[in-house]
Amino acid sequence: HVKPKVIRTFKVSSNSSMYELHFIIQRVMGWNDSHLHRFEVGDVMIQPKDPYGFGGFDDFGETKDSSKVKVGKVFAKVGSKAKYEYDFGDGWMHKLELVERSESSNTEVLPVVVSGKNACPPDDSGGPWGYMALVDILKDPQHKYYNERKEWVDAVMGKDKFNPKKYSVEAVNERLVKMYEEE
């Protein structure tokens, strides 16, 4: 629901858990994992095992613990699809699809971003509609909320770093390598 459309193509090991896939998506998108998430595969919800003790997370029928479900089981063949929802309040919905299976050697470093198009909306930007409003406001320095929103986005993304049409595969791949070095 955002324009310009945000697209990412990346490789991940089929042995990764869906829980790990969540963290990979966070890095690939440029978010900071500050909200709840879940995957939806048909009628099955795959999510963390009630991480905050709130209860009620399995009101949707069958629910599986994301740390116990492998990516290769969900994405078993080319064309397999799932939905990924991040930040239930803002409602970021992502369509995930396996576009190719690779039998690469074990020497390939995964995960790795192959391509990407357009910047990810900043975390807490208000969902698709809030993000679209933010983009419109930042196009117009005369807008009454320009200074307020510019100050906010600079604080979140880094001063003068946000450009909705820019995405750096190299920078994201560096973040992915660091993610695994931190473990």
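## Worked exercises on a predicted model

Setting aside residues up to four places away in sequence, Ser125 touches Asp90, Trp92, Gly130, Tyr131, Leu134 and Trp152, where contact means heavy atoms within 4.5 Å. This is a predicted model, in which local features need pLDDT of at least 70 and side-chain atom pairs count only at pLDDT 80 or more, while totals for chains, interfaces and linings use all residues. Residues are numbered from 1 along each chain as its sequence is written, and side-chain values use heavy atoms, with hydrogens and water left out.

**Exercise 1.** Find the residues of the largest nonpolar core that touch the most other members.

*Solution.* Recall the rule first: a nonpolar core is a set of buried Ala, Val, Leu, Ile, Met, Phe, Trp, Tyr and Cys residues joined through side-chain atoms within 4.5 Å. The largest one has 26 residues, and Met18, Leu21, Phe39 and Phe75 touch the most other members. Now see where the core comes from: two or more residues each are given by helix H1 (18-29), strand S3 (44-47), helix H2 (71-74), strand S5 (81-86), strand S6 (92-97) and H3. H1 gives the most, with 4 residues. Finally, look around Met18: beyond its neighbours within four places in sequence, its contacts are Phe39, Ile46, Ser66, Val69, Val71, Val74 and Phe75.

**Exercise 2.** Arg8 and Asp87 are both charged residues; work out what their side chains reach.

*Solution.* Two rules come first. Lys and Arg count as positive and Asp and Glu as negative, with His and the chain ends not counted. A salt bridge is a side-chain nitrogen of Lys or Arg within 4 Å of a carboxyl oxygen of Asp or Glu.

Take Arg8, in strand S1 (residues 7-11). Arg8 is buried but has no salt bridge, and the nearest side chain of opposite charge, Glu170, is 12 Å away. Its side chain does reach the backbone oxygen of Lys117 at 3.1 Å, and one of its polar side-chain atoms lies 3.3 Å from the backbone oxygen of Val28.

Then take Asp87, in the loop between S5 and S6. Asp87 is also buried without a salt bridge, with Arg38 as the nearest side chain of opposite charge, 11 Å away. The side chain of Asp87 makes a polar contact with the side chain of His35 (3.3 Å). A polar contact is a pair of N or O atoms within 3.5 Å; within protein, one must be able to donate a hydrogen and the other to accept it, and residues adjacent in sequence count only if both atoms are side-chain atoms.

**Exercise 3.** Classify the ring pair of Trp31 and Trp92.

*Solution.* Rings of Phe, Tyr and Trp (its six-membered ring) pair if their centres lie within 6.5 Å; planes under 30 degrees apart count as stacked, over 60 as edge-to-face and the rest as tilted. By this rule there are 5 aromatic pairs. For Trp31 and Trp92, the centres are 5.7 Å apart and the planes at 45 degrees, so the pair is tilted. Trp31, Tyr86 and Trp92 form one aromatic cluster.

Technical notes. Buried < 20%, exposed > 50% of the residue type's maximum accessible area, 1.4 Å probe, protein only.
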